[in-house]
Amino acid sequence: MTKASSTINPAEAAHFGTLAAEWWDPKGSSAMLHRLNPVRLAYIREAIDLHFDCDSSQLRPLAGKKALDVGCGAGLLCEPLARMGAKVTGLDAAPENIAAARAHAEPQGLDIDYRNEAIENFGGRDHDLVTSLEVLEHVDDPQAFIDGLAKALADDGLMIISTPNRTAMSKLLLVELAEITGQIPRGTHHHDQFITPEELEKMLGNAGLQVTDSTGLSYSPAKGFALSDNLKLNYLMTVVKA
Ligand SMILES: C[S@@+](CC[C@H](N)C(=O)[O-])C[C@H]1O[C@@H](n2cnc3c(N)ncnc32)[C@H](O)[C@@H]1O
């Protein structure tokens, strides 16, 4: 059961819960996340190597480290983090996603602690890595959500956040075209809930966090998703405690 909370929007949780069964199908309703995953994983790996002083050839750069992924869906990021050696906890608003995440991880012998729990009710602290990808635009009270992420992060930890920017381009590509063409399930995005990098940086600052890198996620039909200097569509931020 989801505990009463201020950041989980029940309608959003219900929407994502209906997508759980297809979450791991690269051609299913979460196909866009599957296409995004290799690009954002490359960004995260580089941030890990820089922050924890690892070599890019190391297979388990997170060995002995604690990672928390908030809004984990059915585990597209939790699983690679576990393979990198981290002791991973994944939180999600939708119980169906948590069930799908467990069902996918267990046969592979991946020991991931998946919980249907809101960040503000989560008591875990001192995580070396805290991630939350494509979630902030779905939460109620983004500042409370970020305050929760900040509490879970160790003083010397690393945080990675990604979210769509609130621009004309993101409205056209992520809300209108993507939903009309069925690339993203209808009703997934609400443009007025998108957050600009400036707004996010302010919220992070309010939570005692500072941004050390901002990188765009751009899209072209020929090349698909790529890391970019252009933050207009979607962006990733590397964050540490101030
Ligand atoms: C677009 S999906 C992203 C999933 C995953 N982070 C990824 O990028 O592969 C958004 C996820 O956030 C979850 N979610 C929405 N609001 C949340 C909240 N307040 N707390 C935790 N999870 C939330 C949804 O249930 C859904 O699984």
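Helices here are DSSP runs of H or I with at least four residues, strands are runs of E with at least two, and both are numbered from the N terminus. What you're looking at is a predicted model, where local features need pLDDT of at least 70, side-chain atom pairs count only at pLDDT 80 or more, and totals for chains, interfaces and linings use all residues. Residue numbers start from 1 along each chain, as its sequence is written.

**View 1. The shell around the ligand.**
Helix α1 (residues 10–17) gives the largest share of this shell, with three residues. A residue counts as near a molecule or strand if its C-beta atom, placed from the backbone, lies within 6 Å of it. Of the 25 residues around the ligand, the ones that come nearest are Phe16, Gly71, Gly73, Ala93 and Val139. Sorted by class, the shell has 17 nonpolar, five polar and three charged residues. For that sorting, Ala, Val, Leu, Ile, Met, Phe, Trp, Tyr, Cys and Pro are nonpolar, Asp, Glu, Lys and Arg are charged, and the others, Gly among them, are polar.

**View 2. Where helix α5 meets helix α7.**
Here the axes of α5 (residues 142–152) and α7 (residues 197–206) come within 9 Å and cross at roughly 50 degrees. That makes α5 oblique to α7: under 35 degrees would be roughly parallel, over 145 roughly antiparallel, 65 to 115 roughly perpendicular, and the rest is oblique. The axes are lines fitted to C-alpha atoms, for helices over the stretch in contact, with angles running from 0 to 180 degrees between N-to-C directions. On the α5 side, the contact is made by Pro142, Gln143 and Ile146, and on the α7 side by Met203, Leu204 and Asn206. By class, that's four nonpolar, two polar and no charged residues.

**View 3. Pro164 and Ser170.**
Pro164 sits in strand β5 (residues 153–164), while Ser170 belongs to helix α6 (residues 168–180). Pro164 is buried, as 25 other C-beta atoms lie within 10 Å, and Ser170 is buried too, with 22. The cut-offs, using C-beta atoms placed from the backbone, are 20 or more others within 10 Å for buried, 12 or fewer for exposed, and anything in between for partly exposed. Contact means that two C-beta atoms, placed from the backbone, lie within 7 Å. Skipping neighbours within four places in sequence, Pro164 is in contact with Glu137, Ser170, Leu174, Phe194, Leu233 and Asn234. On the same terms, Ser170 touches Pro164, Asn165, Phe194, Lys232 and Leu233.

**View 4. Two aspartates with positive phi.**
Asp53 has a phi near 55 degrees, a positive value in a residue other than glycine. You'll find Asp53 in the loop between α2 (31–51) and β1 (66–70), and it is exposed, with 8 other C-beta atoms within 10 Å. Asp126 isn't a glycine either, yet its phi is positive, about 60 degrees. Asp126 lies in the loop between β3 (113–115) and β4 (127–133), and counts as partly exposed, with 13 C-beta neighbours inside 10 Å.

**View 5. Ala226 in its strand.**
Ala226 is part of strand β7 (residues 224–228). With 13 C-beta neighbours inside 10 Å, Ala226 counts as partly exposed. Neighbours within four places in sequence aside, Ala226 is in contact with Val39 and Ser218. Ala226 and Gly216 are ten residues apart in sequence, and their C-alpha atoms are 8.2 Å apart in space.
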